Amino acid sequence: MTIPRSADLASDVLTHTYDDMFNPPGLTNFLGTAQVDLDVFAIRSVNFPPYSHGDCITGQLYVDGRLARSYGGTVDVAWRPDHVIRSTTVDGLSLRTTTACAPGRPAVVVQLDLEGTPGRSVRLGLALDSTATRSPSAWLKPEPPSEPNSLKVVDNRVVGTGESASAVSLQGLDVPAVADRSMLEAPIELDADGRARLAYVHVLAGSLPEATEHFDACIADVSAVIASAEQLWDKALADAFDHSSDGFSGSLPVLETSNEALRKLYWWGVLGVIWFRRDNPASVLGRTYDTLMPRYWQTTTFIWDYSLSSLTHALLDPEPMRKHIEHWIDLDIHQHFGTEWLTGGPVGYWYSVNDFAMTRLVRDYVRFTGDTDFLGTPVGPKPVADHLHDWATAWRGLRRDHALADYGGIDNLLECVSSYVHEVASFNAANVWCLRVAAEVSGDADQAALLRKEADEQAGHVNELYIEGAGFWHARQPDGSLIPVRHCYDFNIVGTTMAADLSETQRTEMVEFFQRELQTPTWMRALSPYDADAAFSVRPDHQWNGAYPAWPADAGRALFALGRGDVVLDWLPGLARSANQGPCGQAHFVEEAAPAMAGGARKSPPQFPYLIDWSCSSSGAWVSLILEGVFGVEVSLDGTVTATPQVSALDPDARLTGLRVGGHIYDITAKGATETTPS
């Protein structure tokens, strides 16, 4: 099998008890999102922009008048891209639900199958809630907008509307029910085989007639809706590897391998980008890719996260990638961390990564599409190549009394590492790389030579932050003091952007530090537990107790660049076990912070103080690890393709087929790159 279907990407069965360290799965139909809740039936975070519900929980199950989750016990959860299955046992009844987002509609369906004693009568109830609204302005906060709703019964369905009357929710069952505003109850009798079934539909729309149209279409055959969700996702996955399809403007190479870890991590990366595709008619930008889901920042695309999946976007869907690059240039990347697609406007404050991120996006777009004319395309008052030059040299304006740039405070950087501020090694190393990229695109030989000379000089200044014998780096403060910081981001970015500017001793010490203080069997720590700042926060995306999903992938690329690909290859089977829970979470815990789940690093939960969403779009970093690291693919700005694979240690027969670079197609094997049929 070389192209996955929905069933091939299913998680393991994940078992949890009420409100433990479990992040319940999300769903999308490319219009909006929903999340299952911790009981066997309820859903939450139902948001189909421009209509939103915030994090409202609805559909909590009652059995014979008692809240089902109050019985205790466990709930088994199995996620697939097209649906989530939950099951449990309550008072002698086996309950199994299938939840899906209805394709093409702002609706969620839940089908409940019961088994028990033949002829048994049971009263099932659903506690309903609604906070539906349509914000008159952009969604500028992590949580989607919501407002208090009043609930009323219309034809045994429950309608929720707020004072603004800007949106409506409609909820109901496909069996006769008694409705009392916030509760739907249905008497059910098990048949001669001890079985029964009912279905629930939840719609979020702008008016009751519109909601009713969607509701009636779904409630007529919920099983068909669930089947169509599978078809939608199977097509999206097939389209991702088929350049001739209309699903994406590009395509990804097909991986053929007998190595399960290699295959699983590649598919994890591909899935985690497709998962965030939004084809919502309310978007002023056309097709977009969200950054988090299903609970936070649902209409926002962060430049940083998009850039972490840059290679994947350039191969899979370069047309919206180009549109986003142009849009971000127009909005001034030094004034925001991303944009919101309902309005196209900026969101948040400046992130220090932006110059590096934009340089990476432009370079990847050009080298994989072959669209070199893009560099000369005017965006605003100047061509893209001039903007790239500006990003590569923007650090000059951030210097204080030292040669390196000061990248600001905690909110501009990692947000939950208080010592990682000001003159950090990572972004100053990235400046070295950006200067060299600017030299590569410059049409002026003298200017290019000066940029390369400046890059060499800055590499020397970055090395002044290195702590000899330790393997990690200082962060210089405005007063000139040096604070040692044992963070993976320095390891990742220095390793991937200026490995050739390091001594052999430095490279050895950096790898030793990584293995000693950051690497774990199935994941990694973003910050060493030996760091003085490890006591500052427990947010696991950047602290000692876990890591953001792109950090292990980028650490792997750094290890390859530092000459230790063997460390990565040995690590891959453990990392692959962390893919057993569905798409990458915004963070996963290391083993010391939380017990493993399904054999891998557990997804961190959404509740305070962790505040971690179920999935994150930087998953495309895993595609980069497989293509650029394991298969050693290098694509120059002029489209030249070479490969120095290390894949033979995993699977000597592994191959990537259909890698499209400009107007050419390549296959990559353990022996290198071979051009095949031109496109």
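Which residue of β9 does Leu-14 stand opposite? In this model, Leu-14 faces Val-77.

First, some ground rules. The model is predicted, and local features need pLDDT of at least 70, side-chain atom pairs count only at pLDDT 80 or more, while totals for chains, interfaces and linings use all residues. Residues are numbered from 1 along each chain as its sequence is written, and side-chain values use heavy atoms, with hydrogens and water left out.

**Around strand β9**

The names come from DSSP runs: helices are H or I runs of at least four residues, strands are E runs of at least two, and both are numbered from the N terminus. Two strands count as paired if DSSP finds at least two bridges between them. In general, strands of a sheet pair through backbone hydrogen bonds, either parallel or antiparallel.

On one hand, β9 is joined by 3 bridges to β1 (residues 14–16), and the two run antiparallel. On the other, 4 bridges join β9 to β10, again antiparallel. Ala-78, for example, has Ile-85 as its bridge partner in β10. β9 and β10 make a hairpin, with 4 residues between them.

Now zoom out. These strands belong to an open sheet of 9 strands, ordered β1-β9-β10-β11-β12-β20-β17-β16-β15, with antiparallel pairing. At the edges sit β1 and β15 (149–154), each pairing on one side only. From one strand to the next, the twist averages 20 degrees. Further along the sheet, β16 (residues 157–162) and β17 (residues 168–173) pair antiparallel over 4 bridges, and Gly-160 stands opposite Ser-169 in β17.

α2 lies across β11 (93–101), β12 (107–115) and β20 (195–205), running at about 115 degrees to β12. Such angles run from 0 to 180 degrees between N-to-C directions, and axes are lines fitted to C-alpha atoms, for helices over the stretch in contact; contact means heavy atoms within 4.5 Å.

Another open sheet has 3 strands in the order β25-β26-β27, and the pairing is antiparallel. β25 (300–302) and β27 (346–347) are at the edges with a single partner strand each, so one side of each is left without a neighbour in the sheet. β26 (residues 338–340) is joined to β27 by 2 bridges, and Gly-338 has Val-347 as its bridge partner in β27. Helix α6 (residues 318–331) lies across β25, β26 and β27, at about 100 degrees to β26.

**Two helices side by side**

Helix α9 (residues 425–441) packs against helix α11 (residues 488–497) at an angle of about 10 degrees, with their axes 8 Å apart. The two are therefore roughly parallel (angles under 35 degrees count as roughly parallel, over 145 as roughly antiparallel, 65 to 115 as roughly perpendicular and the rest as oblique). Among the residues making the contact are Phe-427 and Trp-433 of α9, and Tyr-489 and Ile-493 of α11.

**Salt bridges**

Side chains of opposite charge can pair when their charged atoms come close. A salt bridge here is a side-chain nitrogen of Lys or Arg within 4 Å of a carboxyl oxygen of Asp or Glu. By that rule there are 46 salt bridges. Here are some of them:

| Asp-39 | Arg-86 | 4.0 Å |

How do their surroundings compare? Buried means under 20% relative accessible area, exposed over 50%, and partly exposed in between (1.4 Å probe, protein chains only). Asp-39 is buried at 3%, and Arg-86 is buried at 0%. Asp-246, at 69%, is exposed, while Lys-235, at 43%, is partly exposed.

Glu-504 and Arg-507 are 3 residues apart in helix α12 (residues 504–518), which puts about one helical turn between them. Arg-507 counts as buried, at 17%. Finally, salt bridges with shared partners join Asp-37, Arg-44, Asp-55, Arg-69 and Arg-295 into one network.
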